[in-house]
Amino acid sequence: MLLVTVLALCWAGSAQAQSNLDAGGMTFKDFATADNGASFSRRDSMIADGPGPSHAQILGIDTANGLARLRFKVVKIDAAVPLGWQAIQDQDRGVAYNADQSYRLILWRVDFASEGVDNAEQYATTKVGTIEARRPPTKGQARKLGDGSYLMVYENVPPSQGDRESRTVFDVITANPSDPKEGVLMTLGVPASQGGRGLKLLALLKKNIKMEPQ
């Protein structure tokens, strides 16, 4: 799917809603495997570098809605992810992914000063330019959302080991309301052929994320 088409899914609708993400009627159940949360107790070695990962804390399993509510203590973020996924954390980030690891979510804390920028807007525009320069033929675009966060979309991202095709990657950077000098970065990577579907999942993930003070 072309980048302009993916973005059109996001910006479609009334003028008031053009800068908001929209799940298009999809729910977590569309991305879930009904296993009553069993997958979140399985050990996996997806992250091989540094100290071994630990499980994210399970806050609750919502079988009716196809999701698990989790706490990633290392980044002080609560999030909801589909049932049937796995969720772990290392010393720097929270990670969640589906059974075949084709959908991959990463949650980070960002210190704007250490990244050489003043705010979320500068972070978004700088990162798009950096990714395009470092990872050709990747093409990116950034846009401000209605709540003041910024969406970055990258297309033609080269596949990593184990991927069957190129990738579409979405970033959302949100400034911390209690400390504008830092933000939370949510990154969701999906197969390029499923970019539109991934954007709808991103809307669900974003709606259910909660950051705690550092």
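Arg-167 and Asp-163 form a salt bridge through their side chains, with an N to O distance of 3.8 Å; a salt bridge is taken as a side-chain nitrogen of Lys or Arg within 4 Å of a carboxyl oxygen of Asp or Glu. Both residues are buried, a term that denotes under 20% relative accessible area, with exposed set at over 50% and partly exposed in between (1.4 Å probe, protein chains only). The model is predicted, so that local features need pLDDT of at least 70 and side-chain atom pairs count only at pLDDT 80 or more, while totals for chains, interfaces and linings use all residues. Residues are numbered from 1 along each chain as its sequence is written, and side-chain values use heavy atoms, with hydrogens and water left out.

Over the whole structure, eight salt bridges are found. One of them joins Glu-182 to Arg-109, with the closest N and O atoms 2.7 Å apart. Because Glu-182 is in strand 11 and Arg-109 in strand 7, this pair ties together parts that are 73 residues apart in sequence. Helices (H or I, at least four residues) and strands (E, at least two) are DSSP runs numbered from the N terminus. Glu-182 and Arg-109 are both buried. Asp-171 and Lys-127 also meet in a salt bridge, at 2.8 Å from N to O. This pair links distant parts of the chain, with Asp-171 in strand 10 and Lys-127 in helix 2, 44 residues apart. Asp-171 has a relative accessible area of 1% and is therefore buried. A network of salt bridges links Arg-71, Asp-78 and Glu-212.

The largest pocket has a volume of about 990 Å³. On a 1 Å grid over the protein atoms alone, a pocket is an open set of points where a 1.4 Å probe fits, with protein on both sides within 12 Å along at least five of seven lines; lining residues have an atom within 4 Å of a point. Grid points are joined across faces, edges and corners, and the volume is the space filled by probe spheres set on the points. The lining comprises 36 residues, and Arg-104, Ile-106, Ser-160, Arg-167 and Gly-189 lie nearest the centre. Elements that each supply at least two lining residues include strand 7 (104-111), helix 2 (120-134), strand 10 (167-176) and strand 11 (179-191). By class, 15 lining residues are nonpolar, nine polar and twelve charged.

Lys-206 is located in helix 3 (residues 195-207). Its relative accessibility is 17%, so Lys-206 counts as buried.

Terms used. Nonpolar A, V, L, I, M, F, W, Y, C, P; charged D, E, K, R; others polar.
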